[in-house]
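Hi there,

Here is the structure I promised to pass on.

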Amino acid sequence: MLRQLPGGLPGDQGRRRSYAFRRADGALEMALADAVNEAGDTPDAVSRALLASLAELAGERPGRAAVDALCVADRQFLMRALAAHLGHQGGWFDATCMHCASPFDFRLDPTGLPVKEAGDAFPLARLVLDDKPLTLRVPCGADQIRVLREPVEQRREALLRGLEVPDPESGSALPDQLTQEHIAHCEAALEAQAPEITREVAACCPECGQVNSVGIDPYAVLAHNPAGLLAEVHRLAWHYHWSEADILALPRGRRKNYLALIDAARGMTG
């Protein structure tokens, strides 16, 4: 089933926003786990996970360049959608109250949270800085990977300089010395055009009744432990003598049904 990104990739006929995941089976779950293990950092892990899980992106079979070219919000959106595709979309979240320090739980389905669509000029943002017209592009996965090579204190400016689309005649419009005011002005222009997913929710502490702002990690699916899947493969292989490839090719629901049958049989003979 094709769905739409809040941003998308630019094309001759406008933004290309379609995407589709591979079938949710054990092979996809294992490919995701392998992608995370092979990654050097979080942006790289996101790119590897998307490459392993997407069957279609912007009307084409995705390659590494395409998933790296997705804006940050699209990548976050896809990772949250991937969690839902694999059956991890909702449940209980834990937090600690910032008012009374009590731990509490709340139920949430992140896929139901609001999503802000990209602006009309996306992926570009145009503004005037120090009386000069400036064009920037909304940051993407490749930019996240690039700035990680810079010292921490220089990443904000390095990211911004890499986002400029210089005029072919007049060259760069960014001043040699960027002030915090310059950077804030540029970031505001970018935020106006960039799509955005909700990454914080308000949750009420049942102990003191105060409202807390709680962060919701869009990359939570990367932390999913494959140990449970490996245990399921082991049980099915032991009981039915199937190969790992055959077991991983089963749809997730059917795999669970076979496991339930094994448990039922053990109960009947026990």
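A residue counts as buried under 20% relative accessible area, as exposed over 50%, and as partly exposed in between. By that scale D263, with a relative accessible area of 41%, is partly exposed. Please keep in mind that this is a predicted model.

The side chain of D263 meets that of R235 in one of them, at 2.5 Å from N to O. Because D263 sits in helix 10 and R235 in helix 8 (residues 227-240), the pair ties together parts that are 28 residues apart in sequence. R235 is partly exposed too, at 27% relative accessibility.

Another salt bridge joins R255 to E29, with 3.0 Å between the closest N and O atoms. This pair links distant parts of the chain, since R255 belongs to helix 10 (residues 252-269) and E29 to helix 1 (residues 26-38), 226 residues apart. Are the two partners buried or exposed? R255 counts as buried at 1% relative accessibility, and E29 counts as buried at 10%.

E38 and R48 form a salt bridge as well, their closest N and O atoms lying 3.6 Å apart. E38 is in helix 1 and R48 in helix 2 (residues 42-53), so parts that are ten residues apart in sequence are tied together. Here E38 is exposed, with a relative accessible area of 53%, while R48 is partly exposed at 28%. Through shared partners, salt bridges join E38, D44, R48, R64 and D68 into one network.

The largest pocket holds about 660 Å³ of space. Its lining consists of 25 residues, with V72, P139, L159, E191 and R199 nearest the centre. Two or more lining residues come from each of helix 4 (72-85), helix 5 (141-147), helix 6 (155-163), helix 7 (180-193) and strand 9 (196-197). By type, the lining has 16 nonpolar, two polar and seven charged residues.

The second largest pocket has a volume of about 340 Å³. It is lined by 17 residues, and R3, Y19, F21, A81 and A84 lie nearest its centre. Strand 2 (14-21) and helix 4 each supply at least two of the lining residues, and helix 4 gives the most, with five. This lining divides into twelve nonpolar, three polar and two charged residues.

Best wishes

How values were computed:
Residues numbered from 1 in each chain as written. Predicted model: local features only at pLDDT ≥ 70, side-chain atom pairs only at ≥ 80, totals over all residues. Heavy atoms only, no water. 1 Å grid on protein atoms, 1.4 Å probe; cavity = no way out; pocket = protein on both sides within 12 Å on 5 of 7 lines; lining within 4 Å. Points joined across faces, edges and corners; volume = space filled by probe spheres on them. Helix = DSSP H or I, 4+ residues; strand = E, 2+ residues; numbered from the N terminus. Nonpolar A, V, L, I, M, F, W, Y, C, P; charged D, E, K, R; others polar. Salt bridge = Lys/Arg side-chain N within 4 Å of Asp/Glu carboxyl O. Buried < 20%, exposed > 50% of the residue type's maximum accessible area, 1.4 Å probe, protein only.
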